[in-house]
Amino acid sequence: MNWVHEPVGIWVAAVLGVILLVSLAVQVAKRRATERAQRLSRAQFDTLLNSLGDGVLIVDKDSRTLMHNAASERMLGPMPAGLSAQERARRITVRYPDRVTPYPPDQLPLARAIRGESSQGIEVFTRNPDTGAGMILNLTATPLRGPDGAIEGGVAVFRDISEKKRTREELERSNAELEQFAYVASHDLQEPLRMVASYTQLLKKRYGGQLDADADEFIQYAVDGATRMQQLIQDLLAYSRVGSSKREPKNVSLAQVFERATANLRAAIESSGATVTHDPLPDVMGDETQLLQVFQNLIGNGIKYRGAAAPRVHVGVRRDESGDYVFSVQDNGIGIAKEYFDRIFLLFQRLHGREDYPGTGIGLTITRKIVERHGGRIWLTSTPGEGTCFFFTLPAERTAWHPTE
Amino acid sequence: MAPHRVNDSTPIEILLVEDNPGDVRLTREALRDAKIRNNLSVAADGVEAMDFVRRHGKFAQAPRPDLILLDLNLPRKSGREVLAEIKSDPALRRIPIVVLTTSADEQDIARSYEHHANCYITKPVDLDQFLTVVNSIEDFWLSIVRLPPQTE
């Protein structure tokens, strides 16, 4: 064939060639773009992983290390890819939180994950292989599944909770010490106090009026002091017992609690001519004995701190926006000035002398502790000379128990 | 020794097992004005208490108690052990035992009755109440109640 005499053929070949080249170029460009996109998405992934505070360790289905993040490296040291489970175990010993018992390797969360079992919140003790620093980790591990659902590996996420655990242990130890103190107070302190109180009273009985007036006065002060100290110790014990009570919350009929409280207050109600009324009261979850203390204290105060008129106390209840119960104890008594609203809840703080109104100033302190332990709050409104209204909430659901308070 | 009965003018023998001398004295004071004549002996710990009722050693001439007032918290041997020992001894278990202790612990109460304490009293903190309690013990156990005849 004669090339020069076939211009159409050349053009076709040329055009075809250009098309081929362009398509090649486009393919290369596309592939490069995909690669760049993958690199970018991979970079985002890496940045995300490495900025997490929690450690992340990913293994394949043979439990060989695939990747780990910066936090993991900080806590457990570097982990080259491909590291087997045995090699990991050799570098990093894992024990139960008692720091002594070795953790069976097949029970470790990652080992369970590649068998298909997720686990959450598992606590283990381990040491940083470089610094030797011990730490308690909280681990969560999940199986990694492919698009067909088959297990391809496992992901472990873990956090150093040493600080939190230490704080919790200190709190438990401090609570145990407080309980022990309360026990000592109840037995060992009371006995010598009984001696002082009994013998000063015996002195008064036997020699009162036989010595001079000064002696009688001295003895009286001694007797008063001893008696008051006994009451203070009883009250302190009652206060410490609020937190240490180990009773599980049960269903409590507040209607019945109200009846018991008013029965206990019968003498005060009769002698003051008080009228105590109530709205229909619901059932709640809680400690019946403690809730009785709350009602008895608040209703009792409404009667005790009365004005000239016969006391009228009303216990009301409504529900607030979150569904919690809001109780109110309204009285027509002497009222409380606003500047004392915080003070009255403090231990042994009173606004009146012992001669004016009896009491040690522990009632509201205990009441507040009980309310807060049940997950509620307590506050008040008051107009001096007209009356006071105490409000407290109790959650309608199973109470948010705060055993450490 | 010939057995004696409540109607005689012979005094009732009371054994107080108590380690606190202050409490011993208080009990003595309270029983002093009792309507029924009584003779109070004291054992200061659980070992002495058992020696007394068994008439061992220096207690060879000790009177057989008609009534025992027993504190629980004692040195050397606790009142709980004394209670268990006396109430499991056929020769001694007739003797009424009134547990008189500072403890208000529910476990202590339950266990005392389980070991056949005749009754359990928590010592009141207030003097007047304490005196009333001791007088009540005396009223009840010495005047109202018929005490068992001696077993010899």
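Student: Hi! Is Arg99(A) buried, partly exposed or exposed?
Tutor: Arg99(A) is partly exposed, at a relative accessible area of 48%. The cut-off for exposed is over 50%, so with 48% Arg99(A) stays in the partly exposed class. Keep in mind that this is a predicted model.

Student: Where is the place of Arg99(A) in chain A?
Tutor: Arg99(A) sits in the loop that runs between β3 (94–95) and α4 (109–113) of chain A.

Student: And what is the phi of Arg99(A)?
Tutor: Phi is about 70° there, a positive value, although Arg99(A) is not a glycine. For background, most residues other than glycine have a negative phi.

Student: OK, what about the phi of Ser63(A)?
Tutor: Ser63(A) has a phi near 65°, which is again a positive value in a residue other than glycine. Its loop lies between β1 (55–60) and β2 (65–68) of chain A.

Student: Is Ser63(A) buried or exposed?
Tutor: Ser63(A) is buried, since its relative accessible area is 8%, and the buried class covers values under 20%.

Student: Which residues does Thr65(A) touch?
Tutor: Leaving out residues up to four places away in sequence, Thr65(A) touches Leu57(A), Ile58(A) and Val59(A), and also Met79(A), Pro80(A), Ala81(A), Gly82(A), Leu83(A) and Arg88(A).

Student: In what order do the strands form that open sheet in chain A?
Tutor: The sheet has 6 strands in the order β2-β1-β6-β5-β4-β3, with antiparallel pairing. Strands β2 and β3 of chain A are at the edges with a single partner strand each, so one side of each has no neighbour in the sheet.

Student: How many bridges pair β1(A) and β2(A)?
Tutor: There are 3 bridges between β1(A) and β2(A), which pair in the antiparallel sense. Across that pair, Ile58(A) faces Met67(A) in β2(A).

Student: Zooming out, how many helices and strands does chain A come to?
Tutor: Chain A comes to 10 helices and 13 strands. It has 405 residues, and 37% of them count as buried.

Student: What share of the contacts in chain A join residues at least 24 apart?
Tutor: That share is 59%, taken among contacts between residues at least 6 apart in sequence.

Student: And what does the accessible surface of chain A come to?
Tutor: It comes to about 23900 Å², and 56% of that belongs to carbon and sulfur atoms.

Student: Which residues make the nonpolar surface patch of about 290 Å²?
Tutor: Val8(A), Val12(A) and Leu16(A) make that patch. Leu16(A) is in helix α1 (residues 7–51) of chain A, and Leu16(A) counts as exposed because its relative accessibility is 53%.

Student: Switching to another helix, where is the place of Thr262(A)?
Tutor: Thr262(A) belongs to helix α7 (residues 254–264) of chain A. With a relative accessible area of 14%, Thr262(A) is buried. Not counting residues up to four places away in sequence, Thr262(A) touches Ile269(A) and Val276(A).

Student: Now chain B. Which way do the residues of β3(B) point?
Tutor: Leu67(B) and Leu69(B) point one way from β3(B), while Ile68(B) and Leu70(B) point the other way, and all are buried.

Student: How many bridges join β1 of chain B to β3(B)?
Tutor: Strand β1 (residues 12–17) of chain B is joined to β3(B) by 4 bridges, and the two run parallel. One of the bridge pairs is Val17(B) with Leu70(B) in β3(B).

Student: And how many bridges join β3(B) to β4 of chain B?
Tutor: There, 3 bridges join β3(B) to strand β4 (residues 97–101) of chain B, which also run parallel. Leu69(B) has Val98(B) in β4(B) as its bridge partner.

Student: What pLDDT does chain B average?
Tutor: Chain B averages 87, and 93% of the residues score at least 70. In chain B, confidence is highest in strand β3 (residues 67–70), at 96, and lowest in helix α5 (residues 127–144), at a mean of 87.

Student: Where in chain B is the pLDDT below 50?
Tutor: Over residues 1–6 of chain B, a stretch with 11 contacts in the model beyond near neighbours in sequence. Where pLDDT is low, the predicted coordinates should not be read in detail.

Student: Last one: what ipTM and pTM does the predictor give the complex?
Tutor: The complex gets an ipTM of 0.74 and a pTM of 0.56 from the predictor.

Key: Residues numbered from 1 in each chain as written. Chains lettered and ligands numbered in written order. Predicted model: local features only at pLDDT ≥ 70, side-chain atom pairs only at ≥ 80, totals over all residues. Heavy atoms only, no water. Buried < 20%, exposed > 50% of the residue type's maximum accessible area, 1.4 Å probe, protein only. pLDDT = per-residue confidence, 0-100. Contact = heavy atoms within 4.5 Å. Areas by Shrake-Rupley, 256 points an atom, 1.4 Å probe, with all protein chains shown as cover. Patch = residues over 30% accessible without salt bridge, like charges linked within 9 Å, V, L, I, M, F, W, Y side chains within 5 Å. Salt bridge = Lys/Arg side-chain N within 4 Å of Asp/Glu carboxyl O. Pairing = 2+ DSSP bridges.
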